[in-house]
Every structure is written in C-alpha cells, then in structure tokens.
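Colleague: I have the sequence and the model open. Walk me through the labels, and tell me what each one rests on.

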Amino acid sequence: MALDIVEGWTQDLEFQLKSDGVAVDLTGILTANVTLILTNADGTAVTTTSDISISDATNGKVKYSPDAGDMLAVNSPLSARFKVVDADGKIVFFPSAAPDKWTVYKP
C-alpha cells in the first residue's frame, strides 16, 4: 500500500493486516509482538518502539503513532512492513512481498 503523507505528521495512522485479501485475526497477540519495520530511503531504520498498538484485533487493525521526526521529506520514500509474532513464536510479515512505500512531502 502506498501512503502519501506530510512531513511532521503525528496523528495516528491505522492499517489493516491482510492475508490473501482477508483481515488477519490478531486476537491473543500481544501488542509487544507487533512491530513496524520502517526504513528511510538510505536503509536506515526509523525507531518505532512503543509507537504501535492493536486497535481492533478481530479485524486485524493496528495503529502507528508516529513521532514528529519519523516522517521527514529528506528521508523519503520510507519502506514499511509489519512483523507479527504469534504465541507459538511463528513470524509473519505484512506485506509478505515488497514493503509498502510511504512518500513524505514538505508542508
């Protein structure tokens, strides 16, 4: 999924994790087991620790609360992928193909 956003954005962003077009049920998954792998155009990781929460487990919805310095046009485009670890330690990534591309624009 492509995302176009303005630099400095700090309002929550909600995403729905899907597998084969169907929302993934995150019931029983701890918020700590859902992470956002976000990297700048040069491959540098953006710290998203404590910025992720599960907003609707049944419908596979997660929320990202970006910090002011997360979305900078100079670092655009960003690559984004969610990592989910289930209770058995099994790992899955969303998307499972190429990461999502987030383009950040100057205000």
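This is a predicted model: local features need pLDDT of at least 70, side-chain atom pairs count only at pLDDT 80 or more; totals for chains, interfaces and linings use all residues.

Colleague: What does Phe-82 touch, leaving out residues up to four places away in sequence?

Modeller: Among its contacts are Phe-15, Leu-17, Val-34, Leu-36, Ile-52, Val-62 and Phe-93. A contact needs heavy atoms within 4.5 Å.

Colleague: How many aromatic pairs does the structure hold?

Modeller: There are 3. One of them joins Phe-15 and Phe-82, with 5.4 Å centre to centre and 50° between the planes.

Colleague: Why is the pair of Phe-15 and Phe-82 called tilted?

Modeller: Ring centres must lie within 6.5 Å to pair. Here the centres are 5.4 Å apart. Planes under 30 degrees apart count as stacked, over 60 as edge-to-face, and the rest as tilted. The angle is 50°, so this pair is tilted. Phe-15 sits in strand β2 (residues 13-16) and Phe-82 in strand β9 (residues 78-85), 67 residues apart. Both Phe-15 and Phe-82 are buried.

Colleague: What makes the pair of Phe-15 and Trp-102 stacked?

Modeller: The angle between the planes is 5°, with 5.4 Å centre to centre. The stacked label needs under 30 degrees, so 5° qualifies. This pair also links distant parts of the chain: Phe-15 is in strand β2 and Trp-102 in strand β11 (residues 100-105), 87 residues apart. Phe-15 and Trp-102 are both buried. Ring pairs join Phe-15, Tyr-64, Phe-82 and Trp-102 into a cluster.

Colleague: Now the charges. How do you know that Glu-7 forms a salt bridge with Lys-106?

Modeller: The closest N and O atoms of Glu-7 and Lys-106 are 3.3 Å apart. The cut-off is 4 Å, so the pair counts. Glu-7 lies in the loop between β1 and β2, and Lys-106 in the segment after β11, so the bridge ties together parts 99 residues apart in sequence.

Colleague: Why is Lys-106 called exposed?

Modeller: Lys-106 has a relative accessible area of 58%.

Colleague: How many salt bridges does the count come to?

Modeller: It comes to 2. Asp-12 also forms a salt bridge with Lys-63, and their closest N and O atoms are 3.6 Å apart. That is within 4 Å, so this pair passes too. Asp-12 is in the loop between β1 and β2 and Lys-63 in strand β8, so the pair ties parts 51 residues apart.

Colleague: What makes Asp-12 partly exposed?

Modeller: Its relative accessibility is 38%. Buried is under 20% and exposed is over 50%, so 38% falls in between. Lys-63, at 26%, is also partly exposed.

Colleague: Which residues form the nonpolar patch on the surface?

Modeller: Ile-37, Ile-91 and Phe-93 form it, with about 250 Å² of accessible area together.

Colleague: What lets Ile-37 into a patch while it is partly exposed?

Modeller: Patch residues need over 30% relative accessible area. Ile-37 has 37%, so it passes that cut-off. Ile-37 is found in strand β5 (residues 34-39).

Colleague: Now the backbone. Which peptide bond ending at Pro-95 is cis?

Modeller: The bond from Phe-94 to Pro-95 is cis, with omega near -5°. Pro-95 is in the loop between β10 (91-94) and β11. The bond from Ser-76 to Pro-77 is also cis, with omega near 0°. Pro-77 has its place in the loop between β8 and β9.

Colleague: What makes phi of Asp-20 worth a note?

Modeller: Phi of Asp-20 is near 55°, a positive value in a residue other than glycine. Most residues other than glycine have a negative phi. Asp-20 is found in the loop between β3 (18-19) and β4 (22-23). At 79% relative accessible area, Asp-20 is exposed. Ser-50 also has a positive phi, about 70°, and is not a glycine. Ser-50 lies in the loop between β6 (45-46) and β7.

Notes
Residues are numbered from 1 along each chain as its sequence is written. Side-chain values use heavy atoms; hydrogens and water are left out. Patches are made of residues with over 30% relative accessible area and no salt bridge: like charges are joined within 9 Å, nonpolar side chains (Val, Leu, Ile, Met, Phe, Trp, Tyr) within 5 Å. Accessible areas come from the Shrake-Rupley method with a 1.4 Å probe; for residues, only the protein chains shown count as cover. A salt bridge is a side-chain nitrogen of Lys or Arg within 4 Å of a carboxyl oxygen of Asp or Glu. Helices (H or I, at least four residues) and strands (E, at least two) are DSSP runs, numbered from the N terminus. Buried means under 20% relative accessible area, exposed over 50%, partly exposed in between (1.4 Å probe, protein chains only). Rings of Phe, Tyr and Trp (its six-membered ring) pair if their centres lie within 6.5 Å; planes under 30 degrees apart count as stacked, over 60 as edge-to-face and the rest as tilted.
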